[in-house]
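Hi,

Here is the structure I promised to pass on. Have a look at it first, and then read on for what turned up.

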Amino acid sequence: MRSLRAAAPALDRWSAATGDREILLAGPRSFCAGVERAIEIVEQALDRFGAPVYVRRQIAHNSQVVRELAGRGAVFVEELDHVPEGAVVVLAAHGVAPEVRRQAERRRLRVVDGTCPLVSKVHAEVRAFAAADKTVFLIGHAEHEEVVGTRAEAPENVVVVADPEAAARVSPPDPDRVAYVTQTTLAVAEAEATAAVLRQRFPALSGPRKDDICYATTNRRQAVRAVARESDLVLVLGSRNSSNSLRLAEVAAAEGVAAHLVEDAGEVELNWLAGTRRIGVTAGASAPPYLVDDLVEALSGLGALRVRHTTVTEESVRFNLPREVS
């Protein structure tokens, strides 16, 4: 009887969580073309050069991706100091500072560049604006790995601007020689609100010829917003150090629905499911697709499921591999 009494709260939570449900799968979800490319680069490097292949930082911000590649022989390091001279090293998708490339050259490392082409585009924009002696406002979050690498392209010219409030305070040396670029993983509305303040303050402001915001970021946020409006609960699969995954949960919550970011199905709390009959599910651009399948299968153990796909757009983008592994 004591054991039954001790188990009663868990049984109550389980009972409250059971029932027939509809699962709304947001589309697009999971890997974007940049992350698929980065993972394939590491896999191809392992096939071509053999283990170990060193990777500076996480190739993508997802613990499952890192664990699986490590199991194949990838060795993840924080800095190139930990890479033996002459070894093969892959640079992660978020981009690096020029000094990292110079260090790799000094250590005679065989570099395979996994930087997302969309991030490389922003780096090139910063170099071009700086060469024209302009102050470059980098709209983004200063601590994000992508922003750290982008700013380092021209640290004397780049000013990181986090939000409209910061944009209202910046004071460049020459207001007539200014430009802006954007962290690729921001929300369009977030970036535009900051850019609008800069444009109002600095009429001579130059910008990128084409929007810097990653197409995948925009698509996944539109998709999660669509399912959130019909759901009692939204579950976002992704790692907590993934900016795009965190933002997906925030976008869903902004629609007035309970939303949780989880690494995998094992992190879903039974009490979240109590009273829910329609659950929206998505995954960040760095999260493997199988995590969604695992979650749906786990939820099927609590009652009959009807799965419905809510797709806002189709994606067909694919990036070429670098010549070192193509």
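Let's start with a sheet. Five strands form an open sheet in the order E10-E9-E11-E1-E12, and the pairing is parallel. The edges belong to strand E10 (258–262) and strand E12 (305–311); each has a single partner strand, so one side of each is left without a neighbour in the sheet. From one strand to the next, the twist averages 25°. Bear in mind while you look around that this is a predicted model.

Now for the pairings themselves. Strand E1 (residues 21–27) runs parallel to E12, and seven bridges join the two.

How much of E11 is buried? Five of its six residues are, so to speak, under cover: E11 is mostly covered.

Next, the helices that go with this sheet. Helix H9 (residues 215–228) lies across E1, strand E9 (233–237), strand E11 (278–283) and E12, and it runs at about 160° to E1. Helix H10 (residues 243–254) packs on the sheet too, where it touches E9, E10 and E11. The direction of H10 makes about 170° with that of E10.

How many cavities of 30 Å³ or more does the structure hold? There is one, and the volume of the largest cavity is about 260 Å³. Its lining is made of 20 residues, and the closest to its centre are Cys 32, Val 35, His 94, Thr 185 and Asn 244. Helix H2 (33–49), helix H5 (117–131) and H10 each supply at least two residues of that lining. By type, the lining residues of the largest cavity divide into eleven polar, eight nonpolar and one charged.

Is Leu 69 buried or exposed? Its relative accessible area is 3%, and buried means under 20%, so Leu 69 counts as buried. Setting aside neighbours within four places in sequence, Leu 69 is in contact with Ile 39, Val 42, Glu 43, Leu 46, Ile 59, Ala 74 and Phe 76. As for Ser 15, it is 54 residues from Leu 69 in sequence, and the two are 39 Å apart in space, C-alpha to C-alpha.

Finally, the overall picture. The protein chain has twelve helices and twelve strands. Its C-alpha trace spans about 75 × 55 × 40 Å along the principal axes. Of the 326 residues in the chain, 51% count as buried. Among contacts between residues at least 6 apart in sequence, 76% join residues at least 24 apart.

Over to you, and enjoy looking around.

Cheers

Methods:
Residues numbered from 1 in each chain as written. Predicted model: local features only at pLDDT ≥ 70, side-chain atom pairs only at ≥ 80, totals over all residues. Heavy atoms only, no water. Pairing = 2+ DSSP bridges. Helix = DSSP H or I, 4+ residues; strand = E, 2+ residues; numbered from the N terminus. Axes fitted to C-alpha atoms, helices over the stretch in contact; angles between N-to-C directions. Contact = heavy atoms within 4.5 Å. Buried < 20%, exposed > 50% of the residue type's maximum accessible area, 1.4 Å probe, protein only. 1 Å grid on protein atoms, 1.4 Å probe; cavity = no way out; pocket = protein on both sides within 12 Å on 5 of 7 lines; lining within 4 Å. Points joined across faces, edges and corners; volume = space filled by probe spheres on them. Nonpolar A, V, L, I, M, F, W, Y, C, P; charged D, E, K, R; others polar.
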